[in-house]
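This report looks at backbone geometry, strand pairing and charged side-chain contacts. Please keep the sequence and the model beside the text while reading.

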Amino acid sequence: MAFSISSKKAAVAALFSFLVVTCVAGARPGNFSASDFTADPNWEAARATWRCLRNTNQYPFSSMTSCGNEPIFKDGKGCGSCYQIRCVNHPACSGNPETVIITDMNYYPVSKYHFDLSGTAFGAMAKPGQNDQLRHAGIIDIQFKRVPCNFPGLKVTFHVEEGSNPVYFAVLVEYEDGDGDVVQVDLMEANSQSWTPMRESWGSIWRLDSNHRLTAPFSLRITNESGKQLVASQVIPANWAPMAVYRSFVQYSS
């Protein structure tokens, strides 16, 4: 049985839906040549595929999300980063930039930089009425550049992870404007004047293994890739609970 080129591309793209992992560390980058870079100094060349990413259809993601391979995901530190993307070299491409948020890791890139997009984000790069035609292309050439994140109306939020207890505390940091990359989180206990460094667990989750019972409320200090720091004073209350979400009153300026 014969298959068209577009059918083969679509089949290959579908395969990638099985080869991604949500916000985890430890991926190995592929080996690609420097010719993958575009001549435009503001944009770099990449390839894009698409799959169905779950639980990202609510604000602020609105399904405009993507998996990224290691140079994009950065061993977990790139989770939450924002990029503009635009597609090229396909008749259905609009050429207009769209912004996506990195939420997942892709272990099997097809190029030096590989965005495995949600179906919504992939289709958003198309001309009006041609999103399905573009998605049927399977694998396409795109260009991308890093841009600041902007979550209007939201402050930095902390999700206490399951398994946290009086001597072990883990927290997911969400909705940081600007870089979107958290490179360090520190914790200050109640009645303390010193910060204790937390360790990156995986993705945007940071943990503290303590040799004593931790005394809440906790203040959390986050540092982004640019070195800017924010302090969420006593954001974790004395009666904190695992799986609870605590919203701060602080945010990076855009």
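In the hairpin of strand 14 and strand 15, which has 4 residues between the strands, Gly227 takes a positive phi near 90°. The model is predicted, so local features need pLDDT of at least 70 and side-chain atom pairs count only at pLDDT 80 or more, while totals for chains, interfaces and linings use all residues. Residues are numbered from 1 along each chain as its sequence is written, and side-chain values use heavy atoms, with hydrogens and water left out.

Strand 14 and strand 15 (residues 229-236) pair in an antiparallel manner through 5 bridges, where pairing requires that DSSP finds at least two bridges between two strands. Ile222 of strand 14 stands opposite Val185, and in strand 15 the bridge partner of Ile222 is Leu230.

The loop between strand 13 (205-209) and strand 14 (218-224) contains Pro217, which is joined to Ala216 by a cis peptide bond with omega of about 10°. Most peptide bonds are trans, and most residues other than glycine have a negative phi. Asn191, in the loop between strand 10 (182-188) and strand 11 (196-197), has a positive phi near 60° and is exposed, with 82% relative accessibility.

The structure holds 8 salt bridges, each defined as a side-chain nitrogen of Lys or Arg within 4 Å of a carboxyl oxygen of Asp or Glu. The table lists some of them.

| Salt bridge | Closest N and O atoms |
|---|---|
| Arg47 and Asp141 | 2.6 Å |
| Arg221 and Asp186 | 3.1 Å |
| Glu225 and Arg146 | 3.6 Å |

Glu225 lies in the loop between strand 14 and strand 15 and Arg146 in strand 7, so this pair ties together parts that are 79 residues apart in sequence. Lys74 joins Arg146 and Glu225 in a network of salt bridges; Lys74 is partly exposed at 24% relative accessibility and has a positive phi near 55°.

Definitions and conventions: Helices (H or I, at least four residues) and strands (E, at least two) are DSSP runs, numbered from the N terminus. Buried means under 20% relative accessible area, exposed over 50%, partly exposed in between (1.4 Å probe, protein chains only).
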